[in-house]
Amino acid sequence: MAGPLSNLSDEAKQYAEREQWGRYRNVRYDTAEYIRQEGQWKRAGFLYVEILIFDLQGVMSAPEGEGFHEAYQTPTPSVVREVARFVLRADMEWEEFRTVYDRIADQAWQDAFPRSKSEVWNDLRTLVAKQHDALQLEKKVEVLGRDRLLSEAECQRYVECKDPYDVLRRVEQILENEDPEQIPEEKINRARAYLTAVEPDELGRRWKAKAYRRAGEVMLSSDGREGNEKALEYFERALEAADRDEVVAVKRQVKRLRQELGR
């Protein structure tokens, strides 16, 4: 009896013969996931590179088309992350990874591909390098401890390679054990650097509230009436979006600051 891996291989071969590249790509992804979960991370890594090549070629699997189109030339974040994990785990330099890419590209290349190998490589390397950097920073945070600080340069790199939600999670981590009115200056400065990179009004309601609440706490730990006034402004914005888990704490800050400021 054929096993799951054999069935996936046969299915991929059938789609390739029919030039149904969207379906082929999806089966290859299922295969990579299966292999990775079986512990064969290196073999899975090669497959994820192939899948990323198809994604960056703009592979389509919609009913109206099975080819490639520039509108679909967007990477799947989970695939980029797995390729970065593969590079990190194999401890590959970029020249070595280019050799791996070239070998996989030669095997997977199709006449229907609209982009050149060098064009795809440039995009693929940029995407993977960014995620590679993010994984290294995540690993360092784990080693340091969640509420410990990255260096100023590492903080800037973190902001550049993570999305706003991840940046806010980082702020939550470094402030989680701090009294909102007595945050150490070093943490205030680092939290400001993270929060400056986030636009709260572009976030979902829950995270919008978190962003404004943490900004309020940072201002609350700043000296003087001006800091309190700005803190009250942020807390009031947080209150508009806060869920029931945070609303009580935010209301308490708003009430106290209004009294102190004579509002």
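Q: What volume does the largest pocket have?
A: On a 1 Å grid over the protein atoms alone, a pocket is an open set of points where a 1.4 Å probe fits, with protein on both sides within 12 Å along at least five of seven lines. Grid points are joined across faces, edges and corners, and the volume is the space filled by probe spheres set on the points. Here the largest pocket comes to about 290 Å³. This is a predicted model, in which local features need pLDDT of at least 70 and side-chain atom pairs count only at pLDDT 80 or more, while totals for chains, interfaces and linings use all residues. Residues are numbered from 1 along each chain as its sequence is written, and side-chain values use heavy atoms, with hydrogens and water left out.

Q: Which residues that line the largest pocket are the closest to its centre?
A: A lining residue has an atom within 4 Å of a point of the pocket. The largest pocket has 13 of them, and Pro 77, Val 80, Lys 130, Gln 131 and Cys 161 are the closest to its centre. Helices are DSSP runs of H or I with at least four residues, numbered from the N terminus. Two of them, H4 and H6, are the elements that give two or more residues to this lining, and H6 has the largest share, with four.

Q: How many residues of each class are in the lining of the largest pocket?
A: Ala, Val, Leu, Ile, Met, Phe, Trp, Tyr, Cys and Pro count as nonpolar, Asp, Glu, Lys and Arg as charged, and the others, Gly among them, as polar. The lining of the largest pocket has five nonpolar, three polar and five charged residues.

Q: What elements give two or more residues to the lining of the second largest pocket?
A: That pocket holds about 210 Å³ of space. Its lining draws two or more residues from each of H1, H2, H3 and H5, and H3 gives the most, four residues. Among the lining residues are Arg 28, Phe 46, Glu 50 and Arg 103.

Q: Which residues touch the most other members of the largest nonpolar core?
A: A nonpolar core is a set of buried Ala, Val, Leu, Ile, Met, Phe, Trp, Tyr and Cys residues joined through side-chain atoms within 4.5 Å. Buried means under 20% relative accessible area, with a 1.4 Å probe and protein chains only. The largest core has 38 residues, and Ile 53, Phe 97 and Leu 124 touch the most other members. H3 supplies its largest share, nine residues.

Q: With which residues is Phe 97 in contact?
A: Contact means heavy atoms within 4.5 Å. Leaving aside neighbours within four places in sequence, the partners of Phe 97 include Val 49, Trp 121 and Leu 124. A second, separate core has 37 residues, including Ala 134 and Tyr 212.

Q: Is Arg 214 buried or exposed?
A: Arg 214 has a relative accessible area of 11% and therefore counts as buried. Arg 214 is in helix H10, residues 205-220. Not counting residues up to four places away in sequence, Arg 214 touches Val 171, Glu 172, Leu 175 and Leu 195.

Notes:
Buried < 20%, exposed > 50% of the residue type's maximum accessible area, 1.4 Å probe, protein only.
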